[in-house]
Amino acid sequence: RRVEAIGASILVLHPGAHVKAGVEVGMEWIVNGLNQVLDQDDSNVVIALETMAGKGSEIGSNFEELAKIREQIHKKERIKICLDTCHIHDAGYDLTAFDEVLDEFDSILGLENLAVLHINDSKNERGARKDRHENIGNGFIGFETLVKIVHHPKLESITKILETPYIENKPPYKEEIEQLRSWKEQ
């Protein structure tokens, strides 16, 4: 109701964690919680489950876990996915082969279910499972890879949100957006 009240149409959520109860139990908790909320709600608000890095007992660090959750939701049309570049890099996906990652996403979850992209570099090497965001071009993903993701022709209509850290207590978003836009204009 709050999301609808402010005029938004998508709510991005981290799926959750199993806190040592096991992945299957954790996914059951997530499914039950989502169904409880969605079964009582008649709005058109979509919940976008965010891909996770896999730290601790997080659930959703691979496309298969998110698909398994989505399959059990009563109102599947209200569950979409938010693809976070740092998270999937830290989970082990090779973003330098992004077309292959996108094809895998499409075969498991369907591109029609991708609602949002969180764009950020990573302070960690691929597969570190740590979730430490870095500014565009300053991490292990790199500017060239991120700019190709942002401007990927299959993702033109997808909302993209920067989630990079502040630099000297100031948000660098304007400069990062200008960098990403200027590449397309070349």
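**Pockets and salt bridges in a predicted model**

By class, six nonpolar, one polar and three charged residues make up the lining of the second largest pocket. The structure is a predicted model. The second largest pocket holds about 220 Å³ of space. Its lining has 10 residues, and those nearest the centre are V150, K160, I177, L180 and R181. Two elements, β7 (159–162) and α7 (173–185), each supply at least two residues of this lining. The largest share comes from α7, which gives four residues.

The largest pocket has a volume of about 310 Å³. It is lined by 14 residues, and R1, V37, D41, S43 and R78 are the closest to its centre. The elements that contribute two or more residues to this lining are α1 (2–5) and α2 (23–39). Sorted by class, the lining of the largest pocket contains six nonpolar, three polar and five charged residues.

Two of the residues closest to the centre of the largest pocket, D41 and R78, also pair with each other. Their side chains meet in a salt bridge, with 2.4 Å from N to O. R78 sits in the loop between α3 and β3 (79–84), and D41 in the loop between α2 and β2 (46–50), so that the pair links distant parts of the chain, 37 residues apart. Are the two partners buried or exposed? R78 has a relative accessibility of 6%, so it counts as buried. D41 has a relative accessible area of 16% and is therefore buried too, since the cut-off is under 20%.

Side chains of opposite charge can pair when their charged atoms come close. In the whole structure, a search finds six salt bridges. Another of them joins K68 and E24, whose closest N and O atoms are 2.9 Å apart. Because K68 lies in helix α3 (residues 63–71) and E24 in helix α2, this pair ties together parts that are 44 residues apart in sequence. K68 is partly exposed, at a relative accessible area of 32%. E24 also counts as partly exposed, with 48% relative accessibility.

A further salt bridge is formed by E58 and K55, with 3.3 Å between the closest N and O atoms.

Technical notes:
Residues are numbered from 1 along each chain as its sequence is written. This is a predicted model: local features need pLDDT of at least 70, side-chain atom pairs count only at pLDDT 80 or more; totals for chains, interfaces and linings use all residues. Side-chain values use heavy atoms; hydrogens and water are left out. On a 1 Å grid over the protein atoms alone, a cavity is a set of points where a 1.4 Å probe fits but cannot get out, and a pocket is an open set with protein on both sides within 12 Å along at least five of seven lines; lining residues have an atom within 4 Å of a point. Grid points are joined across faces, edges and corners, and a volume is the space filled by probe spheres set on the points. Ala, Val, Leu, Ile, Met, Phe, Trp, Tyr, Cys and Pro count as nonpolar, Asp, Glu, Lys and Arg as charged, and the others, Gly among them, as polar. A salt bridge is a side-chain nitrogen of Lys or Arg within 4 Å of a carboxyl oxygen of Asp or Glu. Buried means under 20% relative accessible area, exposed over 50%, partly exposed in between (1.4 Å probe, protein chains only).
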